[in-house]
Amino acid sequence: MKNRIHEQKGAVVPFLALALPVLIAGLGFGIDTGAMYEMNRRMQTATDAAALAAAQEIRTSNFWGYEAAAVHDAAENGFGDDADTDIEVSRPPSSGPRAGDNRFVGVRISRPAPTYFMAAFVDEPEVLTSRAVAGVAPADSCIYVLNPSDANSFDAGGSSTVNLAECGLWVNSDNS
């Protein structure tokens, strides 16, 4: 019995030697994937803000400043137009349901994904891209009353006058 115990000493070392690189690669893949996901969420936030800033400039008839506003807001959210980051602003958007509609602007931000551990296994990092479209769309209502049950959600009594020549009134209340 004593000899058998001595024969099994060190049996864990070859197993760990084979399993350790696989465990480290899995950990590295998990960390890099989490970093990519986090960067993609931040990049989408910056893209959304850039598209909204450009649309606001178009709404105020600043047709020459919308691109600068988009680039500025992207930079304010951590994605400046540097060597690693590519920012494209297009009016009208080149793809999607609003393609060709000059009331809308599209913003696309691209940047190589962070690879801290997996850089040894890939030649070129994955490029992450986010896209957003924003614009000014005409509304058929210009007064919205949102209380779902109030009896007097909208009351224009007395000598008041409401002129709704270009748009309408929308009342959400189910009270008669």
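**View 1. Asp 101 and Arg 103 meet in a salt bridge, at 2.8 Å from N to O.** A salt bridge here is a side-chain nitrogen of Lys or Arg within 4 Å of a carboxyl oxygen of Asp or Glu. Arg 103 is partly exposed, at 35% relative accessibility. Buried means under 20% relative accessible area, exposed over 50%, and partly exposed in between (1.4 Å probe, protein chains only). The salt-bridge count comes to four. This is a predicted model: local features need pLDDT of at least 70, side-chain atom pairs count only at pLDDT 80 or more, and totals for chains, interfaces and linings use all residues. Residues are numbered from 1 along each chain as its sequence is written, and side-chain values use heavy atoms, with hydrogens and water left out.

**View 2. Salt bridges that share partners join Asp 86, Glu 88 and Arg 108 into one network.** Arg 108 pairs with Glu 88, the closest N and O atoms being 2.4 Å apart. Arg 108 lies in strand E2 and Glu 88 in strand E1, 20 residues apart. Strands (E, at least two residues) and helices (H or I, at least four) are DSSP runs, numbered from the N terminus. Arg 108 also pairs with Asp 86, with closest N and O atoms 3.7 Å apart. Asp 86 lies in strand E1, so this pair ties together parts that are 22 residues apart in sequence. Relative accessibility is 25% for Arg 108, 33% for Asp 86 and 38% for Glu 88.

**View 3. The largest nonpolar core has 21 residues.** Such a core is a set of buried Ala, Val, Leu, Ile, Met, Phe, Trp, Tyr and Cys residues joined through side-chain atoms within 4.5 Å. Val 89, Val 105, Val 107 and Ile 109 have the most contacts inside this core. Elements giving two or more residues are H2, helix H3 (66-76), strand E1 (86-90), strand E2 (104-112) and strand E3 (127-135). H2 gives the most, with eight residues. Beyond four places in sequence, Val 105 touches residues including Ala 51, Ile 58, Tyr 66, Val 89 and Val 133. Contact means heavy atoms within 4.5 Å.

**View 4. Asp 32 is buried yet has no salt bridge.** Asp 32 lies in helix H2 (residues 12-59). The nearest side chain of opposite charge, Arg 42, is 13 Å away. Lys and Arg count as positive, Asp and Glu as negative; His and the chain ends are not counted. Leaving aside neighbours within four places in sequence, Asp 32 contacts Pro 114, Thr 115, Tyr 116, Phe 117 and Met 118.
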